Amino acid sequence: MKFVFKPAPHYRSPQSTSGIMRDLTLCLLAVAVFSVVYYWMNYGSEVGLRVLLHLAISVCCALCTEAIWFACTKQKVVDGLLSSYGWVTAIILTLISSVNVSHYALGVSTVLAILFGKLVFGGFGQNIFNPAAFGAAVLMSTFAASNVDLVSGATPTQAINAFSWMTTADNVNTLIGNYGGLGNMFLGQYVSTMGSTCAVLLLLCMVFLIVRKDIDWQLPVFYIGTVFVLTLLIGLMKGAGINYALFHVLAGGVLFGGVFMVTDPVTSPVTIPGKILFAIGAGVFTVIFRLRSNMPDGVLYSILIMNMLYPAIDKIFDGNQIKNAGSILKKVLIGACCFLVVGLGIGAIAEVKEGSVASPSSSGSAPAVDVSLGTPISLSGDLATYKAEAEEISNDGSVATYHCTARGFGLLDPDGIASHTGHEYSRNEMDVTVDLATGTVTDVVLTHFGDTEGIGDIATQEGVLAGHVGKTLNDEVDCVTSATYTSESIAAMLQAALNAAAGN
Amino acid sequence: MSFLTGPMHHHLEGHKELTSHKDILNMTDPDVIWVPLMNGNAPCTPLVSVGDKVNIGTKIAERNDHFYLPVYSPVSGTVVAIEKRMSTTLKNVDHMKIENDHQNTVDKPFNPIDYESVSNEELLEFVKNAGMLGLGGAGFPTYAKFTNPTNVDLFIINGVECEPYLTADYKNMMENLSLLKTGTLALLKLSQAKKGCIAVKEDKKDLIAKLQETFNGTNVEVRTVPDIYPAGWERTLVLLLTGRRYDRLPIEAGCILNNASTAIALADALVNGMPLRQKYVTVSGDGVKEPKNVIVTIGTPAHDVIEACGGYTSEEVKVIAGGPMMGNSIPNDLFVVGAPVNGLTVLNYKPEKEVKCLRCGKCTETCPSGLEPVRINNAEKIKDIDTLVKLDVNACIECGMCSYICPSKIDVTEGVRRAKRYMALKK
């Protein structure tokens, strides 16, 4: 007979850390499955598989890094891996990245996230920064240029950031319309980072994790709530409307970060007042970064900055939570007021950018366009360098169609391009139909595209081309930012066709 | 304030059905007993010598420092030795070994009185002489609570029994309703409170019905509390019943509390003139073959009680004096059932795999004292005395909630105990 001696209590809750991490992994996998299905259905199996491959590479890199670390530090490798939960970091990092990131950039970022975001601090439970946010910051600041352009089009945060985060109600509605409306955004039917789009799924994950007591409800509710309330007030103050606040919450990483990153217990305070203040602070920083910095989305850095503050927040609320209830309440109120006043102040001084963002084609059938525009090009201006030519291919007396050719982006580097493409310059061709009586463009069809895929072709999207319909020699046409040469090449062809029609 | 503090309690799986409706085993005629000569941390002076003949009710020892507590013999027989045994506090203390002659000769130490007709002073003196002590676990002399009852507006009988597995109070109340009524009304009189209440958990439907019938027409109300831990702790119970918090003693919040078994024992003395000689003890857990409630003579070794319940189910068990949350596990089963022991929980040993703290803060949210056990553990590791003082370590009652709730299976409570011991050393 053996009598075991252990200190009381002798009764343990069925909930375990590995159980919490299992629930978290299940939720993350649900989001990942949504992402794979979305890209597979909308962009083909290649892109769908790419999401899967991203996940596999990131998880492998995380586990390998940890295995090597545990082996080098003479810890038990399998036990270490099972109680370090590196895969959670890897999946989160993948889901907050764009599908366009290169595999190696994601892999290297994962290694750095695990190594410098977590292991050097002493491993799971000891790290100051959310490792996934750390990895994403590395990925954004170091590997931005390695992106491939598989899925083009700006994400909602890029689109509004390219214009201005503080804009008019009309522009907000246009932007929401560009992504298929609020309903579509709730269902996640648009391109953004891989995991952050489907609001409905993310909210379901949040409810599941709260009901299972895996996360504290205060963190996501106060974080998302702060972003919503603050942008609602700013929106009302600046006349940007109620949809402005919804756009802030739905676009970008607010929901994903609110459910999966702000809630990371390791990098948030231990007391409830601390958690509330932490979440409010992160929400206010998110709004500030959006309105006042050049980052497209402020979620990552707001979380990283609040991570830095959690030891201080813990210290503020140290002590008996009952006996100090009064002073704790005072501290929470003062802290929350300070954060909100700063947030509202920043909102108050933000200038509303007037003008209008690109709206979808009026025909309604063309896909939504989300491009940012530079200085418009005058069709009567000097576009001679593009050497545009127009050749009449049909003419019924009222309308004439011209086959136009023009140099493209290649004119910047005539020798280089000429030698390896066989063309004198990169060359664009299109058929332009002109109403002879009024001298206006009635149809534009691109027949050959000779510029750089992934850059110049932003200016040749159907929606942009449709925007040229109705133009005369006295008008200006849109110039798409980052595709200036292609835009001008198209303008030169329009000019040639209109000139030919005028001479007819 | 629970918006900022968390729930500060938690529902525990009670496993009370293991014993709550089983027959009670009577073990009131043991061959030999060892009466612990200890009350709390204070020794009791023996008043009889080895070889003396004692009867049921013979005063065999007394505590006589700042508290007075007589100890009466629970059996008739011969004192054969005074020897050291491990007690439920894990210390070796003197026990008086008495061999039972099975004659059950009674030597009444006091006469029954009618609590309604005597003055409060006489009643208090009776309680003091009858050796009444808190049977909920603390063993605090009962009379001491009533020496100066000013501004008491609620007298509470605590029948909550929030420890998992334990059903001894429930069984005792179910079996002795009329004694419970007498004891409760006598204590209510002593407390000079305008009204009294008896608190039980809301899931004990049968008991609530019987209590309402019993106390019908008195100014004692049956109050229910939710099935949460630690609803039976004085502070939590006072908070649940009155919404008041207090600093040191419940009387600051206008309340006096007594355990239900204490009221029943007092009634036995008032009505029958008999001192405390036996206890309802729950023997339960997955480590014992036939879990049930047992009426045990004070001084019976745990080994005999567990054997009477069919013995152990495995070769490696934890034997816990009390419930699994606050009871000590004892490295043998030779300790005896003393007055404050209300359960023997026997659990098969299943080692818990401890992983690193993930700082989830669950221990802070459920701590009924409003402490931050995780912060206390961290401060204790680096022996940061200033932070420990700030964290109010000594407000901990060692209820065990922080270890229970910890998803990483860390012995959080033990860390807080270490911090308390370290603080005591540094003072």
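Please keep in mind that the model is predicted. In it, 55 residues of chain B are in contact with 37 residues of chain A.

**Where chain B meets chain A**

- The side of chain B that touches chain A draws at least two residues from each of helix H1 (2-5), strand E17 (316-321), strand E18 (328-330), H9, H10, H11, H12 and H13 of chain B.
- E17(B) makes the largest contribution to this side, with five residues.
- Sorted by class, the side of chain B that touches chain A holds 24 nonpolar, 14 polar and 17 charged residues.
- E17(B) also pairs with strand E1 of chain A (residues 2-3), in the parallel sense and over two bridges.
- Within E17(B), B:Val317 stands opposite A:Phe3.

**Helix H10 of chain B**

- The buried residues are B:Pro373, B:Val374, B:Arg375, B:Ile376, B:Asn377, B:Ala379 and B:Glu380.
- Their cover includes helix H15 (299-316) from chain A, along with helices H9 (362-366), H11 (385-390), H12 (401-405) and H13 (412-426) from chain B.
- Just after H10(B) comes B:Lys383, with a positive phi of about 55°.

**Nonpolar cores**

- The largest nonpolar core has 134 residues, and B:Ile156, B:Leu266, B:Val281 and B:Val305 touch the most other members.
- Helix H7 of chain B (residues 260-272) gives this core its largest share, eight residues.
- Domain 1 (120-272) and domain 2 (353-426) of chain B each provide at least three residues of this core.
- Setting aside neighbours within four places in sequence, the contacts of B:Val305 are B:Met27, B:Val281, B:Val283, B:Val294, B:Val296, B:Thr300, B:Val337 and B:Leu344.
- A second, separate core of 108 residues includes A:Leu24, A:Ile92, A:Ile114 and A:Val284.

**Domains of chain A**

- Chain A is split into domain 1 (14-146), domain 2 (157-357) and domain 3 (377-503).
- Taken over C-alpha atoms, the centres of domain 1 and domain 2 of chain A are 23 Å apart.
- Their contact takes 30 residues from domain 1 of chain A and 26 residues from domain 2 of chain A.
- On the domain 1 side, helix H1 (17-43), helix H4 (86-95) and helix H6 (131-142) of chain A each supply at least two residues.
- H1(A) gives the most to that side, with 11 residues.
- By class, that side of domain 1 of chain A has 21 nonpolar, eight polar and one charged residues.

Conventions:
Residues are numbered from 1 along each chain as its sequence is written. Chains are lettered from A and ligands numbered from 1 in the order in which they are written. This is a predicted model: local features need pLDDT of at least 70, side-chain atom pairs count only at pLDDT 80 or more; totals for chains, interfaces and linings use all residues. A residue is buried if 20 or more other C-beta atoms lie within 10 Å of its own, exposed if 12 or fewer, and partly exposed in between; C-beta atoms are placed from the backbone. Helices (H or I, at least four residues) and strands (E, at least two) are DSSP runs, numbered from the N terminus. Two residues are in contact if their C-beta atoms, placed from the backbone, lie within 7 Å. A nonpolar core is a set of buried Ala, Val, Leu, Ile, Met, Phe, Trp, Tyr and Cys residues joined through C-beta atoms within 7 Å. Domain bounds come from an automatic or database domain assignment. Ala, Val, Leu, Ile, Met, Phe, Trp, Tyr, Cys and Pro count as nonpolar, Asp, Glu, Lys and Arg as charged, and the others, Gly among them, as polar. Two strands pair if DSSP finds at least two bridges between them.
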